[in-house]
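Thank you all for making time this morning. Please take a moment with the sequence and the model on the screen before I start talking about them.

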Amino acid sequence: MIGVIQSLRFFIWGGSIAGIHRTTSPNSHEVFLDTASLSEIREVADLGILDGVTTNPSLMAKEGVTDVAGHYRTICDVVQGHVSAEVIATDYEGILKEGRELAKLDPHIVVKIPFIKEGVKAIHTLAGEGISINCTLIFSPAQALIAAKAGADYVSPFLGRLDDIGHEGIELIHSIREIFDNYGYHTEVLAASLRHTRHVVDCAEAGADIGTLPHKVIMGLFNHPLTDKGLEKFLADHAASQKS
Ligand code: E4P
């Protein structure tokens, strides 16, 4: 049966999987910060739990960034890991130009390209040049499949925005995981638009390779009343034992 499915795939897609860069799949779940704020990035990097950062044009605008190249270089210096930098262009030639410029800024830059026809075409070209790509604005399993086929190293499915319109965003992660596993795609599932702790846990359970979290969501992971209460009691018991 698998053979039939594989053959079907080769018939439909022409058989080429050229452009996929990753040859190994990481077994660890990675935590990214979804922000362009340097203070937030430095704070989480200091905790020793930061694997990467994702930005988008809205997050860059929120920080009032004017020196885009300088800002990305600084983020890369702090993070020393994946830094997604999104193109603004929406035409093929424009995406290529901007993507190449972004990729030259630092070896940690991953060029983020929206899932549009011109974007998919540009992904194929840039991936062929060895540039690492994160395909963003993924809202369906079929989009993720095409992005992987084009050679994206990462796909960014947006959970929260699907939940916002009454869908079950987590279903998208399950479906993409299953499809990538069916065919051995090494494209990583970078779960995005995460709004709260439940999203983080659900994505990890669904097998997302990476979760990108806003600063407040990361900080929310530290909150548990029983931890606070438990620590208070430990310290009180210790203090009491010292008095006696
Ligand atoms: C990250 O890659 C996305 O741009 C981001 O997670 C979108 O999040 P939002 O839906 O909260 O804006």
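How far is an oxygen atom of the ligand from an N or O atom in the side chain of Lys-112? Before I answer, please keep in mind that this is a predicted model, and that every distance and area I quote has been computed from it. In this model, the separation between the ligand oxygen and the N or O atom of the Lys-112 side chain is 2.7 Å.

Lys-112 belongs to a set of residues around the ligand, which also includes Asp-34, Thr-54, Asn-56, Phe-158, Arg-161, Ala-192, Ser-193 and Arg-195. Asp-34 places a polar side-chain atom 2.5 Å from an oxygen atom of the ligand, and for Arg-195 the distance between a side-chain N or O atom and a ligand oxygen is 2.9 Å. If we consider the ligand alone, it exposes 340 Å², and the protein buries 85% of that area. As for where to look on the screen, the ligand sits in the largest pocket.

Let me now step back to the whole chain. The protein has 12 helices and 8 strands, and of its 244 residues, 44% are buried. If you take the contacts between residues at least 6 apart in sequence, 59% of them join residues that are at least 24 apart.

Conventions:
Residues are numbered from 1 along each chain as its sequence is written. This is a predicted model: local features need pLDDT of at least 70, side-chain atom pairs count only at pLDDT 80 or more; totals for chains, interfaces and linings use all residues. Side-chain values use heavy atoms; hydrogens and water are left out. Helices (H or I, at least four residues) and strands (E, at least two) are DSSP runs, numbered from the N terminus. Buried means under 20% relative accessible area, exposed over 50%, partly exposed in between (1.4 Å probe, protein chains only). Contact means heavy atoms within 4.5 Å. A residue is near a molecule or strand if one of its heavy atoms lies within 4 Å of it. A polar contact is a pair of N or O atoms within 3.5 Å; within protein, one must be able to donate a hydrogen and the other to accept it, and residues adjacent in sequence count only if both atoms are side-chain atoms. Accessible areas come from the Shrake-Rupley method with a 1.4 Å probe; for residues, only the protein chains shown count as cover. On a 1 Å grid over the protein atoms alone, a cavity is a set of points where a 1.4 Å probe fits but cannot get out, and a pocket is an open set with protein on both sides within 12 Å along at least five of seven lines; lining residues have an atom within 4 Å of a point. A molecule sits in a cavity or pocket if more than half of its atoms lie within 2 Å of its grid points.
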